[in-house]
Amino acid sequence: MPLKAPRKQSVSMGRGARKRDEDSGTEVGEGADEWTQSKATVRPPDQLDLTDAELKEEFTRILTANNPHAPQNIVRYSFKEGTYKPIGFVNQLAVHFSQVGNLIPKDSDEGRRQHYRDEMVAGPQESARVVLSDAGNLDEDEEPKEPAIEAESQIDMAIAEVAEKVAEEELMTHKQPKDRKLTNQFNFSDRASQTLNHPLRDRECQMEPPPRTNFSATANQSDDITKVSQAAKIVERMVNQNTYDDVAQDFKYYEDAADEYRDQEGTLLPLWKFQNDKAKRLAVTALCWNSKYNDLFAVGHGSYDFMKQSRGMLLLYSLKNPSFPEYIFSSDSGIMCLDIHVDHPYLVVVGHYDGNVAVYNLKKPHSQPSFRSSAKSGKHTDPVWQVKWQKDDMDHNLNFFSVSSDGRIVSWTLVKSELVHTDVIKLKVEGSTTEVSEGLELHTVGCGTAFDFHKEIDYMFLVGTEEGKIYKVKQHRPHQLLIGPLGPEHLGSLKYLTNPVLTDLSAHQFCKASWCSKSYSSQFLDTYDAHNMAVDAVTWNPYHTKVFMSCSSDWTVKIWDHTIKTPMFIYDLNSAVGDVSWAPYSSTVFAAVTTDGKAHVFDLAINKYEAICNQPVVAKKKNKITHVQFNPIYPIIIVGDDRGHITCLKLSPNLRKMPKEKKGQEVQKGPAVEITKLDKLLNLVREVKTKT
């Protein structure tokens, strides 16, 4: 009763107060007077007095993630530069709170035990709460007899019983282990847990820099620079291969995939460009690949402008070093033609504008030619337009032929340290009174400009002239007249008594002879009315023995069968043709260059009427292409222009198509296949001509 009286009193007071308020129409609780009183604003003494405009002014503040306490002036020692350098990046991370926790899966044994304990403890507590709620629902006048004490005692007893049961179960689980269940290989589950990752730690140390010393010395040029020339050349090639690595990759591996979608057309991919400062403003007058070293080619520099003749140069470049020539030779007169010996690839013969011929030996270090003609040895009096190495004579002496504007075709023989000449043909201009001392005399309107020897028939060659005609000439082997001063006792050991003239000589006359002479017998075979202007080039097909090709400044390229006086194919290229060249891999493929800066590639097996590639290959339209040559092994060509530049171009797959493989049949290759392929085309043309 002492606990209940105040509760009733407070309740009655509340009801009375509420009743009085109802009479006045409003209900006000305790403390209402405090809210009705006015509140005074408390202002600090140092507060500023601001105007309305200042109060309305906004101040923007930007929060950043930068740590204001992070140091900004950290420096560390740099061993590379040998000085202290400031650290540009500063870590702005600041950790305010860190806690490491752990989780126990509900399905684990420990999770099941904790869950069971929580349920056992929560059961008695829930029953105690029910008892207390029942006691509160009793009549207010009744007084329960010590319910709190009884509930507490029941809870304690329930907790004690649960603790005993859990302890007994734990003991039982340890004493009586469960039987191991067999795994079901068709129903399994994967479980994984993540272990605690230890925090990363950065450790740094600083050491003293190693001691340094300054060393300086002066190096003078060696007396003999050739001692390091080979090593320097190797290093230069290595540097250039790194510099031009992308071009080398294209040369080796690139194939134009667009050829699959072109209709029998191809392209030329520019690779390297060769030029030398010493050969500036000198035209490329000759090109020739080395037969043994397939990456090496020779370039002759001169001038086709007869009013501006100056010096000449012979340069040999390698694809391995495009930046600088392998060999450099200078001459007082321009070089107009050159040729490299097939069996002796170190011998290069050149023809000059002043009529001289010279032979350079690449094995000798000096820059002067090993052999050179002179007025005494019978040099030409006009520019030499072409030179060609020929087979050795009976004494195994090296010899070559030359053709010049003076009308002479001369055979030159290398005897010891001199050049011995023999006139083979004299192209005598009609109306001229000049007498021909030896060789075959042909009356023409113009002199010779180009010639080429047959690939199989020895000493049969073609000669192109300024008037546009082509002559076919057969030259017989020379007869050995005398060998040298011999005694009568040596007459039985003579070997070369092939000339019938020797039979009329007495032994005394024969023994007094002290000089050697050769006599050529040339036979004129045929004449072709080829072009309307000068013949710039004439060349035999490398496979077919009856076919040759010629080009001229009259814009045409013509293909001939030497047994027929009319051309088999005629192509008009709309510009003066500077040079033509047969491909070494096919009897029907050839290339021609014109003075408008374009290269034309033909394949008669694909298209008999026009070129399958017409492409400008020089940077400026004013540049005129002068010469072209196929590489004997690689699918590339080189072209030269009148500015002294040589450009290397790669043929796309359509320009070098090979016969396709058929199922169950092997692809036939070789010279016989190439001859048959060209014969089919020639037979078609012959049939048309016989019908007309």
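Student: In S5, which residue is the bridge partner of Leu287?

Tutor: This is a predicted model, where local features need pLDDT of at least 70, side-chain atom pairs count only at pLDDT 80 or more, and totals for chains, interfaces and linings use all residues. Residues are numbered from 1 along each chain as its sequence is written, and side-chain values use heavy atoms without hydrogens or water. Strands S4 and S5 (residues 296-302) run antiparallel and are joined by six bridges. Across them, the partner of Leu287 is Val299.

Student: Which strands stand at the edges of the sheet?

Tutor: Happy to walk through that one. The sheet is open and has four antiparallel strands in the order S4-S5-S6-S7, where two strands pair if DSSP finds at least two bridges between them. An edge strand has a single partner, so one side of it is left without a neighbour in the sheet, and that applies to S4 (283-289) and S7 (327-331).

Student: How many helices and strands does the chain have?

Tutor: Both are DSSP runs numbered from the N terminus: helices are H or I with at least four residues, and strands are E with at least two. By that count, the chain has nine helices and 31 strands.

Student: What is the relative accessibility of Trp555?

Tutor: Look in the loop between S22 (547-552) and S23 (556-561), where Trp555 lies. Trp555 is not a glycine, yet its phi is positive, at about 80°. Trp555 counts as partly exposed because its relative accessibility is 40%.

Student: Leaving aside neighbours within four places in sequence, which residues is Ser575 in contact with?

Tutor: Ser575 belongs to the loop between S24 (569-572) and S25 (577-582), and it is buried, with a relative accessible area of 8%. Contact means heavy atoms within 4.5 Å. With those sequence neighbours set aside, the contacts of Ser575 are Trp555, Thr594, Thr595 and Asp596.

Student: How many residues of S26 are buried?

Tutor: S26 covers residues 589-594 and is mostly covered. In a regular strand, side chains alternate between the two faces of the sheet. Here Val589, Ala591 and Val593 point one way and Phe590, Ala592 and Thr594 the other, and all are buried. The count for S26 is therefore six of six.

Student: Which residue of S26 is the bridge partner of Asp579?

Tutor: S25 and S26 pair in the antiparallel sense over five bridges. A hairpin of six residues takes the chain from S25 to S26. Within that pairing, the partner of Asp579 is Val593.

Student: And in S27, what is the bridge partner of Val589?

Tutor: S26 also pairs with S27 (residues 598-603), again antiparallel and over five bridges. Three residues lie between these strands in their hairpin, where Gly597 takes a positive phi near 85°. On S27, the partner of Val589 is Asp603.

Student: Among contacts between residues at least 6 apart in sequence, how many percent join residues at least 24 apart?

Tutor: For the whole chain, buried residues make up 36% of the 692 residues. Among contacts between residues at least 6 apart, the share joining residues at least 24 apart is 51%.

Note on methods: Buried means under 20% relative accessible area, exposed over 50%, partly exposed in between (1.4 Å probe, protein chains only).
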